[in-house]
Amino acid sequence: MKIKKIILSIVAILIVVAVVFAMVRGSKNRNGASGKLKVVVSNYASYDFLRAIIGDNENIELTFLMGPGKNAHSYDPTAQDLVKIQEADLFVYVGGEMEQWSEKVLDSLERDNQEVICIADFVDTIEEKEVDGAEEEEHHHEEDEEHEHNDEDEEEEEHEHHHEEGAFDEHIWTSPKNAIKMVNTLEEAMEKIDGGNAEKYKKNAEIYINKINEVDQKIRAIVDNKVRYRLIFADKMPMQYFIDYYGLEVTAAFNGCSTETEPSAKTIAYIESVAKKEKIPVILYIELNDGRVAKTIADEIGNGCEAMQIQTLHNVSLDDFNNGETWVSLMNKNLDVLRKALQ
Ligand SMILES: [Zn+2]
């Protein structure tokens, strides 16, 4: 069933690419009538950093391709998105398993004079780790094991396993150290496509980096005064860079890439046992989740244990997006959560 879905999605992408190719062929001026430079970005953190770097420059049209409120792992570009990518002066993506579509799309679109940044190439990446407590994703081929595997099956299997050796963890933006590297990389990319405004971009990037450093120091102060090391997620856990950066421990229902949100009874029992043993006061859930599972677990544990939402910046809700929340403002919202969870 899953293979069929993947094949269908590849066919769909190919058709869409052909349509886009035909659509864009006619238009020779990429910047169109607006004359604006187009910056297109797949992921929320990169979008937020570019928004800060670009500032009030009205000659830049910045597009957040995926848009708010969506699961980054189930996003596939639409025909319109492909046109936007093709017409971009600067295209920024994360890549990895989360954005498998990116390389395919870049290979198949005819692009010229375009700056392309795979932002993961500019930070220190870590390999995906087995998260304590995390459920393995269902293996869709177990019942087919008797049958002969063709090449697509093998490829498909690779995509199913999120802990393959050498696969990097795509959730690069959760450590301040990487966030700063991302800002610097994106600032240089903006200089490449719009050198005339280099000084403004440098200044804006510096201001934003200072804000990242400020929130980093606030988090560091909380971590320095911690009485426990462990964060518990009754959810997926896309914050390994954050956990490593602050020297914390983590237990979670799922790894960062999981598409599941309903943990099994066994996983729930394990989370409860760790939380009770270590007297953990907060059970976390992430943005775009209603926290129902975390609340049930917190109630079960009792003793004032509560469910709280932590912002992982994987994506933002539509409300947060419309309210202009940023990497910095959302990390600042995490301060109360971290204080309660660690102190
Ligand atoms: Zn993820």
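These are my notebook entries on one chain, taken feature by feature.

**Ground rules**

I am working with a predicted model, where local features need pLDDT of at least 70, side-chain atom pairs count only at pLDDT 80 or more, and totals for chains, interfaces and linings use all residues. Residues are numbered from 1 along each chain as its sequence is written.

**The whole chain**

I started with the secondary structure, which comes to twelve helices and eight strands. Helices (H or I, at least four residues) and strands (E, at least two) are DSSP runs, numbered from the N terminus. Next I looked up burial: buried residues make up 38% of the 343 residues. A residue is buried if 20 or more other C-beta atoms lie within 10 Å of its own, exposed if 12 or fewer, and partly exposed in between, with C-beta atoms placed from the backbone. Then I checked contacts, where two residues count if their C-beta atoms, placed from the backbone, lie within 7 Å. Among contacts between residues at least 6 apart in sequence, 74% join residues at least 24 apart.

**The open sheet**

In what order do the four strands of the open sheet run? I read the order as β6-β5-β7-β8, with parallel pairing. The edges are β6 (249-255) and β8 (306-310), each of which pairs on one side only. From one strand to the next, the twist averages 30 degrees. Two strands pair if DSSP finds at least two bridges between them. I noted six bridges between β5 and β6, which run parallel, with Met237 standing opposite Asn255 in β6.

Six of its seven residues are buried, so β6 is largely enclosed by the rest of the structure. As for what covers the sheet, α12 lies across β5 (230-237), β7 and β8, running at about 140 degrees to β8.

**Helix α6**

Helix α6 (residues 176-193) has 18 residues and reaches 26 Å from its first C-alpha to its last, close to the 26 Å expected at 1.5 Å a residue. The expected span is 1.5 Å times one less than the number of residues. Which residues of α6 are buried? I listed Pro176, Asn178, Ala179, Met182, Val183, Leu186, Glu187, Ala189 and Met190. Their cover includes α2, β3 (90-93), β4 (115-118), α7, α8 (240-245) and α12.

**Helix pairs**

I took α6 with α7 to begin with: the axes come within 10 Å and cross at roughly 175 degrees. Axes are lines fitted to C-alpha atoms, for helices over the stretch in contact, and angles run from 0 to 180 degrees between N-to-C directions. The two helices are therefore roughly antiparallel to each other. Angles under 35 degrees count as roughly parallel, over 145 as roughly antiparallel, 65 to 115 as roughly perpendicular and the rest as oblique. On the α6 side, the contact includes Pro176, Val183 and Met190, and on the α7 side it includes Tyr201, Ala205 and Tyr208. By class I have eleven nonpolar, one polar and four charged residues. Here Ala, Val, Leu, Ile, Met, Phe, Trp, Tyr, Cys and Pro count as nonpolar, Asp, Glu, Lys and Arg as charged, and the others, Gly among them, as polar.

Then I turned to α2 (residues 44-54) with α7 (residues 198-224), whose axes come within 7 Å and cross at roughly 125 degrees. That makes α2 oblique to α7. Phe49, Ala52 and Ile53 of α2 make the contact with Tyr201, Asn204, Ala205 and Tyr208 of α7. These residues divide into six nonpolar, one polar and no charged.

**Loop residues**

Lys279 lies in the loop between α9 (265-277) and β7 (282-286). Its phi is near 50 degrees, a positive value in a residue other than glycine. Is Lys279 buried or exposed? I found Lys279 exposed, with 11 other C-beta atoms within 10 Å.

Leu288 is in the loop between β7 and α10 (292-301). Leu288 has a positive phi of about 65 degrees although it is not a glycine, and it is buried, with 20 other C-beta atoms within 10 Å.

My last stop was Thr326, in the loop between α11 (318-322) and α12 (327-342). Thr326 is buried, with 20 other C-beta atoms within 10 Å. Thr326 and Asp48 are 278 residues apart in sequence, yet 6.1 Å apart in space, C-alpha to C-alpha.
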